[in-house]
Amino acid sequence: MNRAQPQDWYRLQTKGDGITLIDEPHIEEFYRCNIWHVRGRDGDMLVDSGMGVVSLRTWVPLVTERPLEAVASHTHFDHIGCHHEFDCRSCHEAEAAILADPTRAATLADPYVTDEIFTTLPPEPYESARYAVKSAPATRILQDRDRIDLGDRSFEVIHTPGHSPGGIALWEEATGILFSGDIVYDGPLIEDTYHANAEDYVASMKRLLDLPVRVVHGGHFASYDGERHREIIRNWLESKGL
């Protein structure tokens, strides 16, 4: 398989509302994390940071322009790979230990990280067998209903366990924007990881169902509107007989 050049690893798309999608187009779509950069008056927020196989800070100048809080929606390998590059790092208390000690098993790098998840391999010296997320201990521990304040905008932390114990969504009531992480997005949802919990998943989906969302930016796949958000959750709940 060919290798990508580092300058070609990331792709940026402006989404409006001061939000930029950063993603890694050489990763197969199912495994490709959405990295969300949010511009605020007093500072910026980064929701997730990708696999970490190419430096975000080196190759995406947007993330170095202003003070930035790097928030982990949860601690699977595809979402926290570059968290160690940032001085201000946040995650839910239930997964803080994984962010500090991100073993291949705890982050799901085992068994998912193989050459097959790429369409083009990362630059040398990357090797899938040696891939590991770097330690990035949280500088801020988040709990349900905490707020991330960017000055002119504020996001409420919604604890959404189910996919993983410390999963969170971020809700901006003033604009109707929801960053949903991996609990819900417009694609195949993963409910069978080693620390998933079916009962928690149902409770989290019910909690998100009635939010008056205008747009949802998920951890994977394309963004969607409030009508689609409710359709996805209702269909999922019906599939469980609920």
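## Nonpolar cores

A nonpolar core is a set of buried Ala, Val, Leu, Ile, Met, Phe, Trp, Tyr and Cys residues joined through side-chain atoms within 4.5 Å. Buried means under 20% relative accessible area, exposed means over 50%, and partly exposed lies in between (1.4 Å probe, protein chains only). This structure is a predicted model, in which local features need pLDDT of at least 70 and side-chain atom pairs count only at pLDDT 80 or more, while totals for chains, interfaces and linings use all residues. Residues are numbered from 1 along each chain as its sequence is written, and side-chain values use heavy atoms, with hydrogens and water left out.

The largest nonpolar core holds 35 residues, of which Y10, M51, F77 and Y131 touch the most other members. Two or more residues of this core come from each of β5 (68-71), α2 (77-80) and α3 (96-100). Such helices (H or I, at least four residues) and strands (E, at least two) are DSSP runs, numbered from the N terminus. Y131 is in contact (heavy atoms within 4.5 Å) with M51, V53, F77, R104, A109, V113 and Y126, when its neighbours within four places in sequence are left aside. A second, separate core has 23 residues, including I158, L189, M205 and L209. In soluble globular proteins, nonpolar side chains tend to be buried together.

## The six-stranded sheet

Six strands form an open sheet with mixed pairing, in the order β8-β9-β10-β11-β12-β13. Two strands pair if DSSP finds at least two bridges between them.

Strands β11 (residues 177-181) and β12 (residues 215-218) run parallel and are joined by four bridges. L178 has V216 as its bridge partner in β12. Helix α5 (residues 198-209) packs on the sheet and touches β9 (154-159), β10 (168-172) and β11. The direction of α5 makes about 150 degrees with that of β9; the axes are lines fitted to C-alpha atoms, for helices over the stretch in contact, and angles run from 0 to 180 degrees between N-to-C directions.

## Salt bridges

A salt bridge is a side-chain nitrogen of Lys or Arg within 4 Å of a carboxyl oxygen of Asp or Glu. By this rule there are 18 salt bridges. One of them joins R39 and D44 at 2.9 Å, N to O. R39 is partly exposed, at 30% relative accessibility, whereas D44 is buried, at 2%.

D186 and R228 also form a salt bridge, with their closest N and O atoms 2.7 Å apart. This pair links distant parts of the chain, 42 residues apart: D186 lies in the loop between β11 and α5, and R228 in helix α6 (residues 226-239). D186 is partly exposed at 29% relative accessibility, and R228 is partly exposed at 28%. In the salt bridge of E191 with K240, the closest N and O atoms are 2.7 Å apart. E191 is in the loop between β11 and α5, while K240, 49 residues away, is in the segment after α6. Salt bridges that share partners join D144, R145, R147, E156 and R207 into one network.

## Cysteines

The whole structure contains zero disulfides, a disulfide being a pair of cysteine sulfur atoms within 2.5 Å. The sulfur of C33 is 10 Å from the closest cysteine sulfur, in C82, which is too far for a bond. C91 is in no disulfide, and the nearest cysteine sulfur, that of C88, is 12 Å away. C33 is buried at 1% relative accessibility, and C91 is buried with a relative accessible area of 1%.
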